[in-house]
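Please load the model in your viewer and keep the sequence panel open. The tour below goes from one selection to the next.

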Amino acid sequence: MRAFFSVSNSSESGTFFAALAVGIGLGLGCSSDATPTVVTPPPVQWVQVWSDEFEGPAGTPVDGSKWGYDTGDGCGAGICGWGNNEKEFYSTDPATISLNGQGQLMIVAQRAPAGLTCYYGPCRYTSAKITTKAKMLANPGRVEARIKLSAGQGLWPAFWMLGHLCGAGTPWPACGEVDIMENKGSQPTSTSSAMHGSGYSGATPFAHTNTLTSGSYTDSFHTFAVEWDSVSIRFFVDDVPHYGVTSDAIAHYGPSILNQSFYVILNLAVGGNFDGDPQSDTIFPATMLVDYVRVFEKK
């Protein structure tokens, strides 16, 4: 039996996770009817250390002091299809990624223009991918984003992190990956969270799907977050915990990736292994809206 823990997105979730942090002290006085004393530690106090609120005029590119771009079809990085047989060509074109003038970032997947070539032939789609690599590293703490998704089979929006040594001498998955939110466009009521490292990558045992009890992730914005330290990692949707893993559980499969810093990534992939290639292009253009990204450390 695996030692990781998970709970459904319900009103009981907060109680369950709070109980994990409760310390029990026994009253050991002389009286025989001494009752146990429950000592609840104070709630974690977070200090915001970095954010992007995506404020600015419509058509403005992302802040270059905070974000860099990954571009192309992955071949330039030596992983054609970005390692997942994806079909998008990542672009910096403002029509593909820019601020919308209402305090949000738009990442737009659309049909590719003629003349653009990908590893599989004429490119079918363009989209965008941004990363804080070489700009900002999130230390153990909390990372969150408020996002509204687009529906459509074959879409693959993601909010995720890679370990600080990824691309700097340590190969994947040893460098570590944390998927705060991934969505199959064919399933607009569900998102998933996962973790990858040596011995638990690909079809990782550390993954969990969270399904809304009403509505969908395309109807409105939802907040996706992760909190981690050297001991455990916890995933949240709208501040309700839905999944967690302990370092002891990770040790059954391989070295823990938790005690490190990560850089943050936002992208909207199209096609590939996760949700298959789109069976219809009527879903395009498809827009992923990001209201903010915020990073916190413990006070």
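The stops that follow cover confidence, aromatic rings, charges over rings, one loop and some backbone geometry.

**Confidence**

This is a predicted model, so begin by colouring it by pLDDT. The chain has a mean pLDDT of 89, and 86% of its residues reach 70 or more. Next select residues 1-33, where the pLDDT is below 50. In the model this stretch has 55 contacts beyond near neighbours in sequence. Where pLDDT is low, predicted coordinates should not be read in detail.

**Aromatic pairs**

How many aromatic pairs does a search of the whole structure find? The search returns eleven. Select Y119 and Y120, one of these pairs. Their arrangement is edge-to-face, with 5.0 Å from centre to centre and 90° between the planes. Y119 has a relative accessible area of 30% and is partly exposed; Y120, at 28%, is also partly exposed.

Now select W156 and F274. The ring centres of W156 and F274 are 4.7 Å apart and the planes meet at 20°, so this pair is stacked. Is W156 buried or exposed? W156 counts as buried because its relative accessibility is 9%, and the cut-off for buried is under 20%. F274, with a relative accessible area of 22%, is partly exposed.

For an aromatic cluster, select W50, F54 and W67, which form one together.

**Charges over rings**

The charged end of K184 sits over the ring of F274, at 5.3 Å from the ring centre. F274 therefore has the ring of W156 as its stacked partner and the charge of K184 over its ring. A second case is R142 with F236: R142 lies over the face of F236, 5.5 Å from the ring centre.

**The loop between β19 and β20**

Select D238, which lies in the loop between β19 (232-237) and β20 (240-246). D238 is partly exposed, with a relative accessible area of 33%. Which residues does D238 touch, not counting those up to four places away in sequence? They are H222 and T223. The C-alpha atoms of D238 and T223 are separated by 4.7 Å, although the two residues are 15 apart along the chain.

Step on to D239, in the loop between β19 and β20. D239 is exposed, at 54% relative accessible area. Its phi is near 65°, a positive value in a residue other than glycine.

**Other backbone geometry**

Most residues other than glycine have a negative phi, and most peptide bonds are trans. Select A134, in the loop between β12 (129-131) and β13 (142-148). A134 is not glycine, yet its phi is positive, near 65°. A134 counts as exposed, at 80% relative accessibility.

Two cis peptide bonds make up the last stop. Select W172 and P173: the bond from W172 to P173 is cis, with omega near 10°. P173 has its place in the loop between β14 and β15 (177-182). Then select F284 and P285, which are joined by a cis peptide bond with omega about 0°.

Note on methods. Residues are numbered from 1 along each chain as its sequence is written. This is a predicted model: local features need pLDDT of at least 70, side-chain atom pairs count only at pLDDT 80 or more; totals for chains, interfaces and linings use all residues. Side-chain values use heavy atoms; hydrogens and water are left out. Rings of Phe, Tyr and Trp (its six-membered ring) pair if their centres lie within 6.5 Å; planes under 30 degrees apart count as stacked, over 60 as edge-to-face and the rest as tilted. Buried means under 20% relative accessible area, exposed over 50%, partly exposed in between (1.4 Å probe, protein chains only). A charge sits over a ring if NZ of Lys or CZ of Arg is within 6 Å of the ring centre and within 35 degrees of the ring normal. Helices (H or I, at least four residues) and strands (E, at least two) are DSSP runs, numbered from the N terminus. Contact means heavy atoms within 4.5 Å. pLDDT is the predictor's confidence in each residue, from 0 to 100.
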